[in-house]
Each structure stands twice: as C-alpha cells, then as structure tokens.
Amino acid sequence: MITGIPQSSTFKWTYRAYITLFFIYLALPLVTVCAFAFNDSVFPSMPWDGFTWDWFFGTETPRIGVFHERPILRSIVTSGFVAFWVASLSVLVGTCNAFLFVRHDFPGKSFLYILMLLPLIIPGIILGISILVFSSAIANRLEDATGLWFDGLRPGLILVILGQFSFITTFATLVISARLQKFDPSLEEAALNLGASKWGAIRSITLPFLFPAMAAAAVVAVLMSFENFNTTLMLVGSDAPLTVTMFDRLKLGSTPVLNAVSLLLMLASAALGLLSLVLRR
Amino acid sequence: MSKDGSRLGLILLMAPLLLWLVTLIILPHIGLFVVSLSEKVGVRTYETGFGNYAVFFTEPLYWNTFARTAYMSIMATALTLLIGFPVAYYIAKLTRGRSKTTLFLMCLIPFWVSELVRTFGWMILLRETGVLSSFLQYLGVINGPVEFLYNDFAIMTGLVYTSMLFMVVPLVTTLDSLDDSLIEAGYDLGASSLSILREIIIPHAMPGIVSGCIVVFMLSLGNYLTPILLGGKDSLWFTGLIYSQFITRFNWELGSAFGFLLLGLSSVIVFAALKLTGQSLGKTMGR
C-alpha cells in the first residue's frame, strides 16, 4: 500500500466499486454456466424452472445426464488420452530444451531461442492448417510411392497430439528453464567430486530438483491440451476430443447437459490448477 | 569430461529441439506457403503463381473481412488494456499480503476453464431468452425479449473477457517491480496524479503493456470460437473464412493463402509494436 499519498475518499470508493464490478464481470459467465446445470428445463436459458440433478444423473431422453451420455464420456476419454501424450512429450522435450538453453553455449543459440518462442505468436489455427497441409502432402507422396495407407498422417488423434505438442512444448520449456536457472551448480559439482558420473549426478541431484517444475509443466500441458480448440479443430478426425464435441453440440443448441459437463470441467481444472500452484512453491 | 563427449551431449540435447521445430513448425509453414502458391487449373493439375493472393485482393468480401478482423482485434486489445490496467495497478500497488494473493488468484480462476465454457456462459447471458434480457424485462427497462447475441458488441465482450488474463498478469508483474518510493517522490515534488501516471508508471510498465498487448492481439486475431459463437453466421471473422475454405469448400490452396496473410498480418503488427516500443521478443515473451 502506498502510504503518504493523499487521495479523496470519492476516488477511493469509485476505484473500489470499479474493482468489484470487474470481478463480477469475471465471475458472471462461470456462475451462470454452473447455475443452469441445475435448471429443470430442456434449454440452458431463462426462465428458471426449479432445481434438478437430471443433467448429471438423468437416464431418459431428453433428460440424459453427463454420466449416462455416451458420446460425451467417450470424448472425455479421448481428451484424456491426447492430454497424456501431449504432457509426456512436451515435458520430455521441454526438459532437454531447458538443459540446452541454460547449460550450453553454442553458435546460433539466440536464434534458436527466438525460434523456440515462435509457436507462442503463431495463431493456433495456422499451426493447425500448416501441420494438416504438410502431413497430407507427405501422406500423398508416400501413398503414391508405396501403395500403402498412412492413416497416421491424416486428420486424427496423432495429428491432434502433434499439433498441441507443437506449441505446448514452448510453455514447458519456459517453466522448466526458469527452475533450472535457480539451480546451484555447485551441488552437481559436489556430486561429481564425490565420484558420481555426469549422468548419475544429473539423475540423483538435478532432476529431483527440477521435478516440481516438470510436474507443474505437465499439469499446465494437460490443462492447455484439454482446453485447446483452434489447433485441434483443424486436425481432428473421427474421434473428437471434448472441446470439439461440445462445440458441435453448442452450434446445434443443446440441453443443459453441457452446463453439467462444464461444471465438472471447472472442478477438475480448479483441482489441477491448485495442484500446479502447490507444486511450483 | 572430454570435449568430444560434451559435443556429443550437446548434439543429443539439441536433437529433440530441432526435430520439434523443423518437423512441426518450419517445414509445415514452408509447405503451407508452397500450397498457397499453387493455383488449381483443372482436375489435379496445378500451376505456380500468386493467383490465390489475387483472389483475396479482388474479392471485397475477403479483404473486408480481413480488415475488419484486424480492426476489431486492435479495438479488443485497447479495451482490454484500458479495463485491465486499473485492476492490475490496484492489485500491484494498493493491496498487500493475503488480499493481494487472493485478488491475483481470483483473476486467474476464470482461465482454468476452457474458452468454450466461458463463451457458453456469455451465450446464456446474452441470448434472447437469456439472463440479461430477462433481468432487464424484470426491471421494466425493456418490454419484450431482446437479442444481445450475434452482434459486434457481443463479439467484443467475449474477446475482452477471454484475453483479460493475458493482459493483467504481465501488468501486475511489471507494476509490482516498480518501487513505491518513486511514485511518492513524484508526489513530493508536486506532480499531479496524471503526470505521475504518464511520466513514472506507464514508462515503467511498458514491457508488461507491450507483452500483454501482443498476446491479446494475437489471441483475438486467431480466435475462432468467440466470434463464431457470439457473432453468429455474420460474424465475418478471418479465421472463419480459413476454416470454411479448408473444411467446407475443400479449397486448401486459397485457405493456405488466407492462412499466410493472417500470419503475415500478425507478425507485422507484433514486430511493429516491438520496434515502436524498443522491446525484444525474447524479453517480452520469454518470461
């Protein structure tokens, strides 16, 4: 608090009112989504028709709840599968990148660093179409040359994983590098002096030190992967992840089952987000 | 450790980075550019040329949409900055300890859920049978239901909402590092609040302002969900054109050209912003 600066009380109260309004603005859509998950009406809109659990546990059409809605459950599993691979790959590559950029000096380092940051400023939809175009071109060439099918290079889960990995790795690299920079190299030197091999020292000293950052990066990667829409939309095949399934439903108009899914998503990501904050301590 | 050994280690460490950047970023973008240069002249026959780009410039719908997307994105960025700056200043300078952490975390919470859910929330609020319309009818401000969805105002609300985090976080970080005594010194020397804002606070917050604006602009420009869902069929957003060329019309050549134009626009504006304010990409993004 900056003390010693005189401010009129009108100004103070206007400022506080503005901040309050801002937080209401932030909360409003989320509160609305959650509230309508319990509305006893087949549309997520006014008027309020009373409280119900149907959109979670309902079994009869049109009141099928999330836990009995097969396509949505399947797309959650798909999203989980994608998120697992994206998180594993991006943490692995991100850790290598962190060691490379923090520990090594080599010609062209700053150029490579800028290149590494580029995925942050490429719009997601462009990443999506560029990977789509490129992989289809390779698939066409390979199929013409060999007469075999290369389904992995056609829109589908592999491309979705690669597309999300292509920009989430940048975030993983930044998170892990930040922690590696704080590492005291003398600890590793001590291990080397005590007869540890280079790799042994890294494995028993440096990696455990990095673990919180790697775990936080993994959590962030899972969250980003679950949320991602733009890149995924361009690369998706027949198995749609959750966001794409929900988008298709939204466009057509849907029952409040979507609100129920959203509420569950919020709870899950709040838990994960808290976990990542705890890990980063 | 021998020199050769560390050389080998360096190469091994660099391999994943290069594999990632070359196969998923560089080559696909070169491929995209090559496809954007091929014109379809017959069944499975193509010619190299700038025909797809010519189509863009001769068809008013396309470049109007392009200009509109750029303009709306710049407006959304400016609005986000205007709305977010006082909030960031409040969090960074006027609160302390626990309440500071709480307020900061409260800013982050909405962004742990997907953009789709946030947009869905705005749809429920703004649609004809939605919360806002019912509330205003209840108050007696309007007589019948009013559709607040499917217009530019709705798009703008959604864009500002969706990018707020990316503005507030860098602003709070840079404002936090500003020494309070500098502001107090300004007051002691008799400066007005406005000149302190202009001479001390804004110059200090510049890196945060630039990185926030770049990210928000990029997110708005490349956004697909918010304009399509909140703007409806006539949202005329450039990413919507790209999507329809790729998925509905199956005209990948024109779609690639559109993609490259969007990439060009965003790069030009990002680099212009960096140059004008004397910042570097590594410094603003690599934090």
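Predicted model: local features only at pLDDT ≥ 70, side-chain atom pairs only at ≥ 80, totals over all residues.
**Stop 1: the interface**

Now colour the chain B side by residue class.

Next, turn to the polar pairs. Eight residue pairs are in polar contact between chain B and chain A, counting pairs with both residues at pLDDT 80 or more. The interface also has one salt bridge. That bridge is the next selection.

**Stop 2: the bridge between chains**

Select Glu227(A) and Arg118(B). They form a salt bridge, with the closest N and O atoms 3.9 Å apart. The cut-off for a salt bridge is 4 Å. Which elements carry the two residues? Glu227(A) sits in helix α8 (residues 198-227) of chain A, and Arg118(B) in helix α5 (residues 115-126) of chain B, so this pair joins two chains.

Is Arg118(B) buried or exposed? Arg118(B) is buried, at 5% relative accessible area. Glu227(A) is partly exposed, at 22%.

**Stop 3: a bridge within chain A**

How many salt bridges does the structure hold over all chains? The total is six. Go to another of them by selecting Glu188(A) and Arg103(A). Their closest N and O atoms are 3.2 Å apart. Glu188(A) belongs to helix α7 (residues 185-193) of chain A and Arg103(A) to helix α3 (residues 70-103), so the bridge ties together parts 85 residues apart in sequence. Glu188(A) is buried, with a relative accessible area of 5%. Arg103(A) is partly exposed at 31%.

**Stop 4: a bridge within chain B**

Select Arg68(B) and Asp152(B). Their side chains meet in a salt bridge of 3.0 Å, N to O. Arg68(B) lies in helix α3 (residues 60-94) of chain B and Asp152(B) in helix α7 (residues 152-176), so the pair ties together parts 84 residues apart in sequence. Arg68(B) counts as buried, at 18% relative accessibility. The cut-off for buried is under 20%. Asp152(B) is partly exposed, at 36%.

**Stop 5**

Among the buried ones are Phe238(B), Leu241(B), Ile242(B), Tyr243(B) and Phe246(B). The buried set also includes Thr239(B), Gly240(B), Ser244(B) and Gln245(B). Phe250(B) follows the helix and has a positive phi, near 60°.

Move on to residues 252-277. They make up helix α12 of chain B, 26 residues in length. What comes after α12(B)? Gly278(B) follows, with a positive phi near 65°.

**Stop 5: Thr32(A)**

Bring chain A back. Select Thr32(A), in helix α1 (residues 9-36) of chain A. Thr32(A) is buried, with 7% relative accessible area. Show its surroundings, leaving aside neighbours within four places in sequence. Thr32(A) is in contact with Asn259(A) in its own chain, and with Ile124(B), Leu125(B) and Val131(B) in chain B.

**Stop 6: Ala37(A)**

Finish at Ala37(A), in the loop between α1 and α2 (54-57) of chain A. Its relative accessible area is 0%, and Ala37(A) is buried. Which residues does Ala37(A) touch, not counting residues up to four places away in sequence? Its contacts are Thr52(A), Trp55(A), Phe56(A), Pro256(A), Asn259(A), Ala260(A) and Leu263(A).

Notes:
Residues numbered from 1 in each chain as written. Chains lettered and ligands numbered in written order. Heavy atoms only, no water. Helix = DSSP H or I, 4+ residues; strand = E, 2+ residues; numbered from the N terminus. Buried < 20%, exposed > 50% of the residue type's maximum accessible area, 1.4 Å probe, protein only. Expected span 1.5 Å × (residues − 1). Contact = heavy atoms within 4.5 Å. Polar contact = N/O pair within 3.5 Å; in protein donor to acceptor, adjacent residues only side chain to side chain.
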